[in-house]
Amino acid sequence: MVPPLTPQIAHIMDHTMNSNNKPEKEPLTLDQLVKNIHLALGPDGGLDSEHIDANEILKLMEEYSSNATDWSKYTIFDHSRAYTRNLIDDGNGKFNLMILAWSKGQQSPIHDHAGSHCIMKILDGELEETQYEWPNESKNNAAKNTKDDDTECNCKSSSSSSPSSSVESSDITEAVQTSSSLQSSELNGNPLRTRKCTRLHPNEVAYIHDKIGLHRISNPDQGRGAVSLHLYTPPYQVCKTFEEKTGRSRMGGKCTFYSIGGHRCTDSSS
Ligand SMILES: [Fe+2]
């Protein structure tokens, strides 16, 4: 008796012949990517980031090539917010795959990821990722040479509010408010130390985990929005946000959904 085929990653079997009569892979669709992520993370098992092979998920995300036909129905902008979080698939509780629609010149607060893996792929426009060390690391490393090229960041903030941004918002997607009245005498704490700053272009993929550090994502273009695809596994609902100048944190970054499956959430929550 022939044993049943092991479930295969969809795109491996999905190819045609090109003009040279050689196999040519069909472009992976977003639906196929979702199926592949489900297969990679398995139908059950421990929901623990330690058991997840981030490299495997990263590779899957790299194999998908942005096609607006796939993702436009999930992409809902709201320019009163820094960005919107639009859920594509909840991964049966094992992951969240979502589209983030970034308003012109806006940015996220500096935040952690509640112990989850975060994999981000640029679908349209460009984004900047600025990574920071955890506050206590900044303190411990204060004596290190700050002229180290690896830690220099030349990316300009996409928002005029940036250097003294406050993190007073309760929803992580709210536009970052200016706190220009914050005086140096009020800055108790040490500034967060920048690890690196990276400009990301369409189809490029970035990865972060709390073991790496914190980050902020910015849309540096003042004239157009940007779109990115994010996979979080395990999913989470709340993360910490941080003040850049003091390293102070607060547990208040509620990670709500603006839409689910292309349908607007009435209260912008999941
Ligand atoms: Fe993030």
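A residue is called buried if 20 or more other C-beta atoms lie within 10 Å of its own, exposed if 12 or fewer do, and partly exposed in between, with C-beta atoms placed from the backbone. The structure is a predicted model, in which local features need pLDDT of at least 70, side-chain atom pairs count only at pLDDT 80 or more, and totals for chains, interfaces and linings use all residues. Residues are numbered from 1 along each chain as its sequence is written.

The unreviewed UniProt entry annotates His111, His113 and His215 as "binding site". Such annotations may be inferred rather than shown by experiment.

His111 lies in strand E5, residues 110-111 (strands are DSSP runs of at least two residues, helices of at least four, numbered from the N terminus). His111 is buried because it has 21 C-beta neighbours inside 10 Å. His215 sits in strand E10, residues 214-218. It has 24 such neighbours inside 10 Å, so His215 is buried. Beyond four places in sequence, His215 contacts Glu129, Thr130, Gln131, Tyr132 and Ile208 (contact: C-beta atoms, placed from the backbone, within 7 Å).

The largest nonpolar core holds 40 residues. A nonpolar core is a set of buried Ala, Val, Leu, Ile, Met, Phe, Trp, Tyr and Cys residues joined through C-beta atoms within 7 Å. Ile37, Met61, Ile99, Ile119 and Leu231 touch the most other members. Strand E4 gives the largest share of this core, six residues. Another core, of five residues, lies apart from it and includes Ile110, Leu192, Leu214 and Phe242.

Terms used:
Two residues are in contact if their C-beta atoms, placed from the backbone, lie within 7 Å.
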